[in-house]
Amino acid sequence: MTRKGTAGVNGGTESAGFFKAPVRDCLPFLYTPTMSDSPAVLTETPQAEPPAEFTGIRVGDPKHHAAGVTAVTSSLKHVFGQAGVSRGIRGMAKLNQANGFDCPSCAWPDPDDHRAVTEFCENGAKALASETTKRRVDPAFFAKHSVAEISRESDYWMEQQGRLTDPVVLRPGATHYEPIGWDEAFALIAAELSAIASPDEAIFYTSGRTVNEAAFLYGVFVRMFGTNNLPDCSNMCHESSGAALGESLGVGKGTVTLRDLEEADTILIAGQNPGTNHPRMLSTLQAAVRNGAEIVAINPMKEAGLVGFAHPQEITGMMGASTPLASSYLRVAINGDFALFRGLCKAVLAAEEKSPGTVLDRAFLDEHTHGFEAFVREVGATEWDAIESLSGLTRDEIEETAKTVLRGERKLITCWAMGLTQHLNAVATIREVVNLHLLLGAVGRPGAGLCPVRGHSNVQGDRTMGIFEKMPAAYHDAIDREFGFASPRKHGHDVVSSILAMHRGEGKVFFAMGGNFLQATPDTRFTAEALRQCSLTVHVSTKLNRSHVVTGRTGLILPCLGRSEEDLDESGQPQFATVENSMSVVHQSKGILSPASENLLSESMIVARLAEATLGARTKFAFVETARDYDRIREIIARTLPGFEDFNERVRHLGGFYLPNTARERNFQTATGKANFSDAVLSGAKPREGELMLMTVRSHDQFNTTVYGLHDRYRGIANERRVLFMHPGDMQERGLKPLAEIDVRNESDGRERVAERFLAVPYELPKGAVAGYFPELNVLVPIGLTAEISNTPCSKSIPVTVVARG
């Protein structure tokens, strides 16, 4: 995007190909951060949001393909700049290898057979660099910097400080964290848990980074303590997918493998940006295209990773030549996906009516589905005018896409991510995706199926292990038998209800197994108020983040081992943990690098020691003894969870093993015993007069809430995060020039929320749509705006107004 002749922020001017706003000197790609000069104010409340400061934006043209030599250069800069050459090379050589460790970034699966020497992507390299950095956040750091001082710095600054080395405590009224021994830390948590009136006043959050063994012990401990308050990061991302797929197919997971993608005729990619969020997926898509597949991209934003891919391990890719990916690109309106898929179903049914017996898979429909007639009636009652209005697409565009779907053997795969799951009607939308597949029998056969692409490396495994506030009765029965206790059956809090409980003063102890809860959740100021109501907040972490500065009356940080680091068993030998990827493959992850500090504990040992300190004589189970050897945990899992029989033996096979997936076998374990059509009435979000519809997105220099840098290379943004992408027509209507300073507001529930000081950037978006980065814009996501059924925050359809700053 090259724009000429417009004044930048504070008088900055642009030259050909980029804008430059000289608010402060542009930051180098990797730098050694320094603390701001402002003195600590002892009575200052730590800031819940990043500072509203600009960092010197440069705006260039968006890219037309992902990866290539630039991705390689970026990867090496990050790894060698943080870890050093020797440690960096050792880490990269074992990243995503069968005898190495699983990437702590996304959950995209590894190939079943051959793996490349460099089986990782640019963002995987950034995650490795972050974890293996030589920088340290030790007790001296906390003695030097008050919590209030730290809070005034950016999330990028916090990430750049390095690895946490020791447990630290922020005592009531204190301004600085101070060291605390492990025994004292666990005793402190146990005392707070013992002091609450009910176990349901404690909340135990889990991030998708947590390995299977730790997650299993954690779920058992929490239920022995007496609650099902086990919210997790899935509540904020693919909860809608699990709810939809469970109701439609009887399995809350995807139904395809990598081989299926490579054999597909058509791949629909809806609400997903693989070039930034799942870059290793691009090589799979490239293979599919080379095998004859057509890809249809469905996204309000034009994303480079959906347009083309320059494979960094091919000579042509390194020379800048890219493989075109999407053969068509549907610029759907925000939250227009339900309407699009309803239109595709309507077009498919019309094709069947025109040529009876040639389009639908009648045998599959008759044998394996329920509710077909009611669905057909609802589709027939849906007018094309409504479909066009809500989707932002024309009938011709949708019918042409339907022809693509019907090509070949109708081997259709639909992939999706947060662009489908974070809307009010997300569950209905995903069930409509399933409806399309059911019409064609495109489930449970080679080259066809559903593919929700998980964002964090073991979020699916954590749910399998029991991290869920409403696990089925079979799970409770199994752990009751194994451990000899009666687990609580009342459903617990998910993420949103946890925040509301803490805000009401009903959630008094908050324990987070990984993650950055404050920055991952909606309604940042409301969530900060909720956390401050607690008597104790605890975070198990590897790196400093903003959740550490917004605490309860007492705050604890417990540092743990990273994926890349050696984890020793009781005999002093390195041992492996396990994880589950997006396609239900359970496999080893074995760290090989020396830990960042001698004072780190594994996630499993933290859970075990906390359990014994808290439960005491209430349990006879030897948590600590069991956690010393992960084989012991896996033996219990094998006796407790279905699909894990002979766990220790099978996971030692090269590449691990697939968990059973009944839907993949066309065994639909629903209430009807069949795959269920949904006959939901078409719906969609439309902004009111004067409003725009905001979707939050990641930059290319971040993974979830972790900010590795200030660039968004594929969208043409350098050195800035406080941007709002806008349609040029929407800017013109509001009298905004490129890089105008703006505030963004939401008042959807009568409570005013303001994201202050952003820069308006013209971008190729549907009119009425705007986009910007989270976590900065999470402040605008109302705590009460959640998806029906799943209760997932609606971070992709937020009604906002945009106003110029005076």
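**A ring cluster and what surrounds it**

Okay, let's start with the aromatics: Phe204, Tyr218, Phe221, Phe225 and Phe511 are linked into a cluster by ring pairs. By a pair I mean rings of Phe, Tyr or Trp (its six-membered ring) whose centres lie within 6.5 Å, called stacked if the planes are under 30 degrees apart, edge-to-face if over 60, and tilted for the rest.

A quick word on the model. It is a predicted one, so to speak: local features need pLDDT of at least 70, side-chain atom pairs count only at pLDDT 80 or more, and totals for chains, interfaces and linings use all residues. Residues are numbered from 1 along each chain as its sequence is written, and side-chain values use heavy atoms, leaving out hydrogens and water.

How confident is the predictor? pLDDT is its confidence in each residue, from 0 to 100. The protein chain has a mean pLDDT of 91, with 94% of its residues at 70 or more. Over residues 1–42, though, pLDDT stays under 50, and the model has 106 contacts beyond four places in sequence for that stretch. Contact here means heavy atoms within 4.5 Å.

Back to the rings. Across the whole structure, a search turns up 23 aromatic pairs. Take Phe216 and Phe483: their pair is tilted, 6.3 Å centre to centre with 40° between the planes. Phe216 is in helix H8 (residues 212–225) and Phe483 in helix H23 (residues 473–483), so this pair ties together parts 267 residues apart in sequence. Helices (H or I, at least four residues) and strands (E, at least two) are DSSP runs, by the way, numbered from the N terminus.

The cut-offs are under 20% relative accessible area for buried, over 50% for exposed and partly exposed in between, with a 1.4 Å probe and protein chains only.

Which strands does E16 pair with? It runs parallel to E7 (residues 202–206), joined by 5 bridges, and Thr206 stands opposite Met513. It also pairs in the parallel sense with E17 (residues 536–541), again over 5 bridges, with Phe510 opposite Thr537. Pairing needs at least two DSSP bridges between the strands.

On to the cores. A nonpolar core is a set of buried Ala, Val, Leu, Ile, Met, Phe, Trp, Tyr and Cys residues joined through side-chain atoms within 4.5 Å. The largest has 66 residues, and Phe204, Phe511, Leu558 and Phe623 touch the most other members. H8 gives the largest share of this core, 10 residues. Apart from it lies another core of 55 residues, including Ile298 and Val405. As for Phe623, its contacts beyond four places in sequence include Leu217, Phe221 and Leu615.

Last stop, two charges over rings, which means NZ of Lys or CZ of Arg within 6 Å of the ring centre and within 35 degrees of the ring normal. Lys302 lies over the face of Tyr329, 5.4 Å from the ring centre. Arg650 has its charged end over the ring of Phe657, 4.0 Å from the centre.

How values were computed. pLDDT = per-residue confidence, 0-100.
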